Amino acid sequence: MEYRLDKKTGNKLSVLGMGCMRLPRGVAGIDMQRTELAILTAFERGINYFDTAYAYSGSEEALGEVVERNNLRQHIYIASKLPHGKVRSVDDAERLFTTSLERLRTDYLDYYLIHNVVTFDQWQRLVDLGIEDWIAQKKESGQIRRIGFSFHGGIAEFRQLLESYDWDLVQIQYNYVNEHYQAGREGMELAASKDIPVVVMEPLLGGRLATGLPKKAAAELAKVDPRRSPASWGLRWLFDQPEVTVVLSGMNSEEMVDENCETAAKTAPGSMTEREHEAIHAARDAFQEGFKVPCTGCNYCMPCPQGLSIPSMFAAYNESYSLGWYTGFFHYMLSIGVTSGDPRLASGCIGCGACVKKCPQHIEIPDRLGDVRRRLEPPGLKGALKIAQPFLS
(Lines give C-alpha, C1' and ligand atoms only; values in the text may rest on other atoms or scores of the structure.)
Protein backbone atom coordinates (compact mmCIF):
# COMPACT_ATOMS: atom_id res chain seq x y z
CA MET A 1 0.00 0.00 0.00
CA GLU A 2 1.15 3.51 -0.78
CA TYR A 3 0.70 6.15 1.93
CA ARG A 4 0.39 9.87 1.41
CA LEU A 5 1.18 12.53 3.95
CA ASP A 6 -1.42 14.68 5.66
CA LYS A 7 0.90 17.69 5.89
CA LYS A 8 -1.23 19.33 8.57
CA THR A 9 -0.87 16.43 11.03
CA GLY A 10 1.94 14.24 9.79
CA ASN A 11 -0.51 11.36 9.51
CA LYS A 12 0.37 8.85 6.82
CA LEU A 13 -2.91 7.94 5.14
CA SER A 14 -3.40 4.99 2.81
CA VAL A 15 -3.96 6.34 -0.69
CA LEU A 16 -6.88 3.91 -0.93
CA GLY A 17 -9.52 4.39 1.75
CA MET A 18 -12.59 2.31 2.48
CA GLY A 19 -15.86 4.13 1.94
CA CYS A 20 -18.55 2.61 4.16
CA MET A 21 -21.67 4.06 2.55
CA ARG A 22 -22.34 0.94 0.46
CA LEU A 23 -21.49 -1.89 2.84
CA PRO A 24 -22.81 -5.30 1.69
CA ARG A 25 -26.46 -5.82 2.58
CA GLY A 26 -28.84 -8.70 2.87
CA VAL A 27 -32.58 -8.98 3.45
CA ALA A 28 -32.26 -7.89 7.10
CA GLY A 29 -29.85 -4.99 6.51
CA ILE A 30 -26.06 -4.87 6.53
CA ASP A 31 -24.55 -8.34 6.16
CA MET A 32 -22.12 -8.32 9.08
CA GLN A 33 -20.24 -11.44 8.02
CA ARG A 34 -19.40 -10.07 4.58
CA THR A 35 -18.80 -6.58 6.02
CA GLU A 36 -16.33 -7.85 8.59
CA LEU A 37 -14.46 -9.87 5.97
CA ALA A 38 -14.19 -6.82 3.68
CA ILE A 39 -13.03 -4.51 6.50
CA LEU A 40 -10.46 -6.99 7.84
CA THR A 41 -9.15 -7.69 4.34
CA ALA A 42 -8.78 -3.95 3.78
CA PHE A 43 -6.90 -3.56 7.06
CA GLU A 44 -4.61 -6.51 6.32
CA ARG A 45 -3.82 -5.05 2.89
CA GLY A 46 -2.72 -1.77 4.49
CA ILE A 47 -5.83 0.43 4.31
CA ASN A 48 -5.95 2.67 7.37
CA TYR A 49 -8.61 5.28 6.43
CA PHE A 50 -12.27 4.35 6.92
CA ASP A 51 -15.03 6.81 5.99
CA THR A 52 -18.61 6.73 7.25
CA ALA A 53 -21.36 9.19 8.23
CA TYR A 54 -24.27 9.66 10.61
CA ALA A 55 -26.60 9.52 7.59
CA TYR A 56 -25.33 6.18 6.22
CA SER A 57 -27.94 3.79 7.58
CA GLY A 58 -26.29 1.18 9.81
CA SER A 59 -22.78 2.05 8.62
CA GLU A 60 -21.39 3.61 11.79
CA GLU A 61 -22.76 0.77 13.90
CA ALA A 62 -21.30 -1.90 11.63
CA LEU A 63 -17.88 -0.28 11.42
CA GLY A 64 -17.81 0.27 15.17
CA GLU A 65 -18.69 -3.34 15.88
CA VAL A 66 -15.97 -4.73 13.62
CA VAL A 67 -13.33 -2.30 14.85
CA GLU A 68 -14.06 -3.04 18.52
CA ARG A 69 -14.22 -6.82 18.11
CA ASN A 70 -10.88 -6.91 16.28
CA ASN A 71 -9.06 -4.25 18.35
CA LEU A 72 -8.36 -2.03 15.33
CA ARG A 73 -9.08 1.41 16.76
CA GLN A 74 -5.50 2.45 17.53
CA HIS A 75 -4.32 1.32 14.10
CA ILE A 76 -6.74 3.16 11.82
CA TYR A 77 -8.17 6.61 11.09
CA ILE A 78 -11.96 6.96 11.23
CA ALA A 79 -13.82 9.79 9.51
CA SER A 80 -17.50 10.48 10.06
CA LYS A 81 -19.80 13.38 9.21
CA LEU A 82 -22.25 15.84 10.71
CA PRO A 83 -25.61 16.15 8.88
CA HIS A 84 -25.76 19.95 8.97
CA GLY A 85 -29.39 20.05 7.87
CA LYS A 86 -30.39 18.51 11.20
CA VAL A 87 -28.53 21.17 13.19
CA ARG A 88 -30.69 23.97 14.59
CA SER A 89 -28.44 24.68 17.57
CA VAL A 90 -25.04 23.73 18.96
CA ASP A 91 -26.90 21.28 21.20
CA ASP A 92 -28.06 19.47 18.07
CA ALA A 93 -24.48 19.22 16.82
CA GLU A 94 -23.46 17.82 20.21
CA ARG A 95 -26.24 15.24 20.16
CA LEU A 96 -25.50 14.09 16.62
CA PHE A 97 -21.77 13.91 17.28
CA THR A 98 -22.26 11.95 20.51
CA THR A 99 -24.54 9.52 18.69
CA SER A 100 -21.83 8.91 16.09
CA LEU A 101 -19.28 8.21 18.82
CA GLU A 102 -21.64 5.75 20.48
CA ARG A 103 -22.38 3.97 17.23
CA LEU A 104 -18.68 3.77 16.39
CA ARG A 105 -17.80 2.63 19.93
CA THR A 106 -15.05 5.19 20.24
CA ASP A 107 -14.39 8.33 22.27
CA TYR A 108 -12.83 10.37 19.46
CA LEU A 109 -12.85 10.82 15.69
CA ASP A 110 -9.69 11.33 13.70
CA TYR A 111 -11.54 13.34 11.07
CA TYR A 112 -15.00 14.89 11.36
CA LEU A 113 -16.62 16.49 8.33
CA ILE A 114 -19.57 18.81 7.78
CA HIS A 115 -21.56 16.56 5.46
CA ASN A 116 -22.72 17.41 1.94
CA VAL A 117 -22.04 21.15 1.88
CA VAL A 118 -23.28 22.76 -1.31
CA THR A 119 -23.19 26.50 -0.59
CA PHE A 120 -21.19 28.88 1.56
CA ASP A 121 -24.45 30.01 3.21
CA GLN A 122 -24.91 26.52 4.68
CA TRP A 123 -21.60 26.87 6.51
CA GLN A 124 -22.36 30.48 7.48
CA ARG A 125 -25.62 29.34 9.09
CA LEU A 126 -23.64 26.96 11.31
CA VAL A 127 -21.17 29.74 12.12
CA ASP A 128 -24.06 31.97 13.21
CA LEU A 129 -25.19 29.17 15.54
CA GLY A 130 -21.75 29.05 17.17
CA ILE A 131 -20.30 25.98 15.48
CA GLU A 132 -16.74 27.37 15.44
CA ASP A 133 -16.57 27.58 19.23
CA TRP A 134 -18.06 24.09 19.49
CA ILE A 135 -15.42 22.70 17.10
CA ALA A 136 -12.67 24.45 19.05
CA GLN A 137 -13.89 22.85 22.28
CA LYS A 138 -14.05 19.42 20.70
CA LYS A 139 -10.57 19.76 19.26
CA GLU A 140 -9.20 20.94 22.59
CA SER A 141 -10.75 17.93 24.35
CA GLY A 142 -9.37 15.58 21.69
CA GLN A 143 -12.79 14.26 20.71
CA ILE A 144 -12.34 15.71 17.22
CA ARG A 145 -8.76 15.52 16.00
CA ARG A 146 -9.28 17.24 12.64
CA ILE A 147 -12.24 19.05 11.01
CA GLY A 148 -13.24 19.20 7.35
CA PHE A 149 -16.20 19.23 4.97
CA SER A 150 -17.53 17.09 2.13
CA PHE A 151 -18.61 19.14 -0.85
CA HIS A 152 -21.10 18.92 -3.71
CA GLY A 153 -21.36 22.52 -4.90
CA GLY A 154 -19.68 24.67 -7.54
CA ILE A 155 -16.09 25.89 -7.63
CA ALA A 156 -16.94 29.48 -6.63
CA GLU A 157 -18.65 28.28 -3.43
CA PHE A 158 -15.75 25.90 -2.78
CA ARG A 159 -13.23 28.74 -2.97
CA GLN A 160 -15.28 30.83 -0.57
CA LEU A 161 -15.57 27.96 1.90
CA LEU A 162 -11.86 27.22 1.72
CA GLU A 163 -11.00 30.82 2.62
CA SER A 164 -13.55 31.10 5.42
CA TYR A 165 -12.00 28.74 7.97
CA ASP A 166 -8.80 26.89 8.80
CA TRP A 167 -9.88 23.52 7.45
CA ASP A 168 -7.91 20.34 8.07
CA LEU A 169 -9.42 18.26 5.25
CA VAL A 170 -11.72 18.47 2.23
CA GLN A 171 -13.66 15.72 0.50
CA ILE A 172 -14.78 16.21 -3.10
CA GLN A 173 -16.42 14.23 -5.89
CA TYR A 174 -13.78 13.63 -8.52
CA ASN A 175 -13.23 11.10 -11.31
CA TYR A 176 -12.19 11.16 -14.94
CA VAL A 177 -15.74 11.95 -16.09
CA ASN A 178 -16.22 14.65 -13.41
CA GLU A 179 -12.79 16.26 -13.82
CA HIS A 180 -14.32 19.73 -14.16
CA TYR A 181 -17.60 19.15 -12.28
CA GLN A 182 -18.39 20.67 -8.86
CA ALA A 183 -15.04 21.51 -7.17
CA GLY A 184 -13.22 19.38 -9.74
CA ARG A 185 -9.56 19.56 -10.58
CA GLU A 186 -9.39 23.28 -9.82
CA GLY A 187 -10.72 22.74 -6.30
CA MET A 188 -8.38 19.82 -5.71
CA GLU A 189 -5.35 21.82 -6.77
CA LEU A 190 -6.44 24.84 -4.71
CA ALA A 191 -6.80 22.77 -1.53
CA ALA A 192 -3.50 20.98 -2.15
CA SER A 193 -1.75 24.34 -2.60
CA LYS A 194 -2.78 25.14 0.98
CA ASP A 195 -1.50 21.75 2.21
CA ILE A 196 -5.07 20.65 2.91
CA PRO A 197 -5.47 16.89 2.36
CA VAL A 198 -7.90 16.02 -0.44
CA VAL A 199 -10.12 12.96 -0.04
CA VAL A 200 -11.86 11.82 -3.23
CA MET A 201 -15.38 10.33 -3.18
CA GLU A 202 -17.26 8.76 -6.09
CA PRO A 203 -14.00 7.81 -7.86
CA LEU A 204 -15.96 5.37 -10.03
CA LEU A 205 -19.17 7.42 -10.15
CA GLY A 206 -21.17 5.01 -8.00
CA GLY A 207 -19.78 2.04 -9.93
CA ARG A 208 -20.73 3.45 -13.34
CA LEU A 209 -17.05 3.61 -14.35
CA ALA A 210 -16.57 0.00 -13.30
CA THR A 211 -19.43 -2.40 -13.98
CA GLY A 212 -21.58 0.12 -15.87
CA LEU A 213 -19.05 1.29 -18.44
CA PRO A 214 -20.49 1.26 -22.00
CA LYS A 215 -18.89 -1.21 -24.39
CA LYS A 216 -17.46 1.58 -26.55
CA ALA A 217 -15.74 3.19 -23.55
CA ALA A 218 -14.40 -0.14 -22.30
CA ALA A 219 -13.06 -0.88 -25.77
CA GLU A 220 -11.05 2.36 -25.77
CA LEU A 221 -9.33 1.30 -22.53
CA ALA A 222 -8.80 -2.26 -23.72
CA LYS A 223 -6.85 -1.01 -26.73
CA VAL A 224 -4.05 -0.05 -24.34
CA ASP A 225 -4.32 -2.84 -21.76
CA PRO A 226 -7.04 -5.47 -22.18
CA ARG A 227 -6.11 -7.13 -18.88
CA ARG A 228 -6.81 -4.07 -16.73
CA SER A 229 -10.37 -3.74 -15.45
CA PRO A 230 -12.39 -0.54 -15.95
CA ALA A 231 -12.35 -0.04 -12.16
CA SER A 232 -8.57 -0.25 -12.11
CA TRP A 233 -8.36 2.33 -14.89
CA GLY A 234 -10.55 4.78 -12.96
CA LEU A 235 -8.59 4.41 -9.73
CA ARG A 236 -5.26 4.52 -11.53
CA TRP A 237 -6.16 7.90 -13.04
CA LEU A 238 -6.66 9.26 -9.53
CA PHE A 239 -3.64 7.64 -7.87
CA ASP A 240 -1.52 9.18 -10.63
CA GLN A 241 -2.23 12.68 -9.27
CA PRO A 242 0.00 13.83 -6.37
CA GLU A 243 -2.63 16.30 -5.10
CA VAL A 244 -4.92 13.38 -4.19
CA THR A 245 -4.38 12.18 -0.62
CA VAL A 246 -7.01 9.42 -0.25
CA VAL A 247 -9.35 7.81 -2.77
CA LEU A 248 -12.46 6.31 -1.17
CA SER A 249 -13.80 3.14 -2.69
CA GLY A 250 -17.06 1.53 -1.60
CA MET A 251 -15.55 -1.95 -1.50
CA ASN A 252 -18.04 -4.57 -0.37
CA SER A 253 -16.18 -7.81 -1.02
CA GLU A 254 -12.81 -9.37 -0.35
CA GLU A 255 -12.16 -9.65 -4.09
CA MET A 256 -12.88 -5.97 -4.69
CA VAL A 257 -10.53 -4.98 -1.87
CA ASP A 258 -7.76 -7.16 -3.29
CA GLU A 259 -8.10 -5.77 -6.81
CA ASN A 260 -8.18 -2.14 -5.70
CA CYS A 261 -5.23 -2.61 -3.36
CA GLU A 262 -3.22 -4.10 -6.22
CA THR A 263 -3.92 -1.01 -8.29
CA ALA A 264 -3.00 1.30 -5.41
CA ALA A 265 0.29 -0.48 -4.86
CA LYS A 266 1.30 -0.18 -8.51
CA THR A 267 0.40 3.44 -9.31
CA ALA A 268 2.74 6.13 -8.08
CA PRO A 269 2.08 9.81 -8.90
CA GLY A 270 3.03 10.64 -12.47
CA SER A 271 3.38 7.02 -13.54
CA MET A 272 0.67 7.00 -16.21
CA THR A 273 1.87 7.28 -19.79
CA GLU A 274 0.63 9.71 -22.43
CA ARG A 275 -1.01 6.80 -24.24
CA GLU A 276 -2.91 5.83 -21.09
CA HIS A 277 -4.15 9.40 -20.63
CA GLU A 278 -5.33 9.44 -24.25
CA ALA A 279 -7.25 6.21 -23.61
CA ILE A 280 -8.94 7.76 -20.57
CA HIS A 281 -9.97 10.80 -22.62
CA ALA A 282 -11.43 8.57 -25.33
CA ALA A 283 -13.30 6.48 -22.76
CA ARG A 284 -14.67 9.63 -21.15
CA ASP A 285 -16.03 10.86 -24.48
CA ALA A 286 -17.63 7.48 -25.17
CA PHE A 287 -19.13 7.31 -21.68
CA GLN A 288 -20.68 10.75 -21.88
CA GLU A 289 -22.54 9.79 -25.05
CA GLY A 290 -24.76 7.45 -23.02
CA PHE A 291 -24.69 8.97 -19.55
CA LYS A 292 -27.70 11.23 -19.84
CA VAL A 293 -28.52 11.71 -16.13
CA PRO A 294 -25.58 12.28 -13.75
CA CYS A 295 -27.03 10.10 -10.97
CA THR A 296 -24.46 8.26 -8.84
CA GLY A 297 -27.00 6.09 -7.02
CA CYS A 298 -26.26 7.67 -3.63
CA ASN A 299 -29.97 7.35 -2.66
CA TYR A 300 -30.03 10.72 -0.88
CA CYS A 301 -33.25 11.44 -2.78
CA MET A 302 -34.98 8.46 -1.21
CA PRO A 303 -37.52 7.61 -0.04
CA CYS A 304 -39.81 9.11 -2.66
CA PRO A 305 -43.25 10.05 -1.26
CA GLN A 306 -44.79 8.29 -4.27
CA GLY A 307 -42.70 5.15 -3.81
CA LEU A 308 -40.64 5.62 -6.97
CA SER A 309 -37.22 3.96 -7.13
CA ILE A 310 -35.56 7.07 -8.55
CA PRO A 311 -31.88 5.98 -8.76
CA SER A 312 -32.82 2.64 -10.35
CA MET A 313 -34.98 4.40 -12.92
CA PHE A 314 -32.16 6.73 -13.86
CA ALA A 315 -29.73 3.80 -14.10
CA ALA A 316 -32.12 2.03 -16.49
CA TYR A 317 -32.56 5.20 -18.52
CA ASN A 318 -28.80 5.63 -18.90
CA GLU A 319 -28.43 1.96 -19.80
CA SER A 320 -31.03 2.37 -22.53
CA TYR A 321 -28.51 4.63 -24.29
CA SER A 322 -25.24 2.97 -23.36
CA LEU A 323 -26.29 -0.71 -23.55
CA GLY A 324 -29.34 -0.56 -25.83
CA TRP A 325 -33.04 0.23 -25.42
CA TYR A 326 -34.16 -3.32 -24.63
CA THR A 327 -31.59 -3.70 -21.83
CA GLY A 328 -32.67 -0.37 -20.36
CA PHE A 329 -36.34 -1.26 -20.65
CA PHE A 330 -35.80 -4.63 -18.93
CA HIS A 331 -34.04 -2.94 -16.02
CA TYR A 332 -36.73 -0.26 -15.93
CA MET A 333 -39.36 -2.98 -15.48
CA LEU A 334 -37.37 -4.28 -12.52
CA SER A 335 -37.01 -0.77 -11.08
CA ILE A 336 -40.76 -0.16 -11.04
CA GLY A 337 -41.40 -3.43 -9.17
CA VAL A 338 -43.22 -5.09 -12.03
CA THR A 339 -43.68 -8.33 -10.05
CA SER A 340 -44.71 -6.64 -6.80
CA GLY A 341 -48.39 -6.25 -7.55
CA ASP A 342 -48.04 -2.48 -7.18
CA PRO A 343 -45.66 -1.15 -9.86
CA ARG A 344 -44.61 2.50 -9.50
CA LEU A 345 -43.81 4.09 -12.86
CA ALA A 346 -41.90 7.31 -13.55
CA SER A 347 -45.20 8.76 -14.74
CA GLY A 348 -46.33 8.52 -11.11
CA CYS A 349 -44.13 11.50 -10.20
CA ILE A 350 -46.29 14.39 -9.00
CA GLY A 351 -43.47 16.95 -9.11
CA CYS A 352 -43.44 17.63 -5.36
CA GLY A 353 -39.70 18.42 -5.48
CA ALA A 354 -38.82 16.70 -2.18
CA CYS A 355 -36.06 14.81 -3.99
CA VAL A 356 -34.55 17.89 -5.65
CA LYS A 357 -33.72 19.49 -2.31
CA LYS A 358 -31.70 16.43 -1.27
CA CYS A 359 -29.83 15.62 -4.48
CA PRO A 360 -26.08 16.36 -4.22
CA GLN A 361 -25.79 16.27 -8.00
CA HIS A 362 -28.40 19.07 -8.37
CA ILE A 363 -30.48 17.00 -10.78
CA GLU A 364 -33.91 18.42 -11.63
CA ILE A 365 -35.37 15.01 -10.81
CA PRO A 366 -39.05 15.55 -11.77
CA ASP A 367 -38.01 16.88 -15.18
CA ARG A 368 -35.64 13.99 -15.78
CA LEU A 369 -38.24 11.46 -14.69
CA GLY A 370 -40.31 12.93 -17.48
CA ASP A 371 -37.48 11.97 -19.86
CA VAL A 372 -37.52 8.45 -18.40
CA ARG A 373 -41.26 8.22 -18.97
CA ARG A 374 -41.01 9.36 -22.57
CA ARG A 375 -38.26 6.87 -23.40
CA LEU A 376 -39.17 3.81 -21.36
CA GLU A 377 -42.97 3.92 -21.02
CA PRO A 378 -44.34 3.12 -24.48
CA PRO A 379 -48.02 3.83 -25.19
CA GLY A 380 -50.28 1.25 -23.59
CA LEU A 381 -47.73 0.16 -20.96
CA LYS A 382 -49.96 0.99 -17.99
CA GLY A 383 -52.86 -0.95 -19.45
CA ALA A 384 -50.67 -3.92 -20.31
CA LEU A 385 -49.25 -4.02 -16.79
CA LYS A 386 -52.74 -3.89 -15.29
CA ILE A 387 -53.82 -6.87 -17.37
CA ALA A 388 -50.58 -8.77 -16.63
CA GLN A 389 -50.49 -8.18 -12.86
CA PRO A 390 -52.35 -11.39 -11.87
CA PHE A 391 -49.69 -13.37 -13.75
CA LEU A 392 -46.69 -11.34 -12.54
CA SER A 393 -47.38 -11.01 -8.83
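**Entry 1: the largest pocket.** I began with helix 12, which gives the lining of the largest pocket its largest share, six residues. I note that the model is a predicted one. Which other elements supply at least two residues of this lining? I found strand 8 (109–117), strand 12 (246–249), helix 10 (254–266) and helix 11 (274–290), beside helix 12 (310–322) itself. I looked up the space in the largest pocket and got about 1000 Å³. The lining counts 46 residues, and Arg 22, Gly 206, Gly 207, Arg 208 and Thr 296 are the closest to the pocket's centre. By class I noted 22 polar, 18 nonpolar and six charged residues in this lining.

**Entry 2: the second largest pocket.** I then turned to the second largest pocket, where about 770 Å³ of space lies. I listed 29 lining residues, of which Ala 55, His 115, Asn 116, Tyr 300 and Lys 358 are the closest to the centre. This lining divides into 14 nonpolar, ten polar and five charged residues.

**Entry 3: helix 12 again.** I went back to helix 12 and looked at helix 13 (residues 325–335). How do the axes of the two helices cross? I read a crossing at roughly 170 degrees, with the axes coming within 7 Å. An angle over 145 degrees counts as roughly antiparallel, so helix 12 is roughly antiparallel to helix 13. On the helix 12 side, I noted Ser 312, Met 313, Ala 316, Glu 319 and Ser 320 in the contact. Helix 13 brings Trp 325, Gly 328, His 331, Tyr 332 and Ser 335. I sorted the contact by class and got five polar, four nonpolar and one charged residues.

Notes. Residues numbered from 1 in each chain as written. Predicted model: local features only at pLDDT ≥ 70, side-chain atom pairs only at ≥ 80, totals over all residues. Heavy atoms only, no water. 1 Å grid on protein atoms, 1.4 Å probe; cavity = no way out; pocket = protein on both sides within 12 Å on 5 of 7 lines; lining within 4 Å. Points joined across faces, edges and corners; volume = space filled by probe spheres on them. Helix = DSSP H or I, 4+ residues; strand = E, 2+ residues; numbered from the N terminus. Nonpolar A, V, L, I, M, F, W, Y, C, P; charged D, E, K, R; others polar. Axes fitted to C-alpha atoms, helices over the stretch in contact; angles between N-to-C directions. Parallel < 35°, antiparallel > 145°, perpendicular 65-115°, else oblique. Contact = heavy atoms within 4.5 Å.
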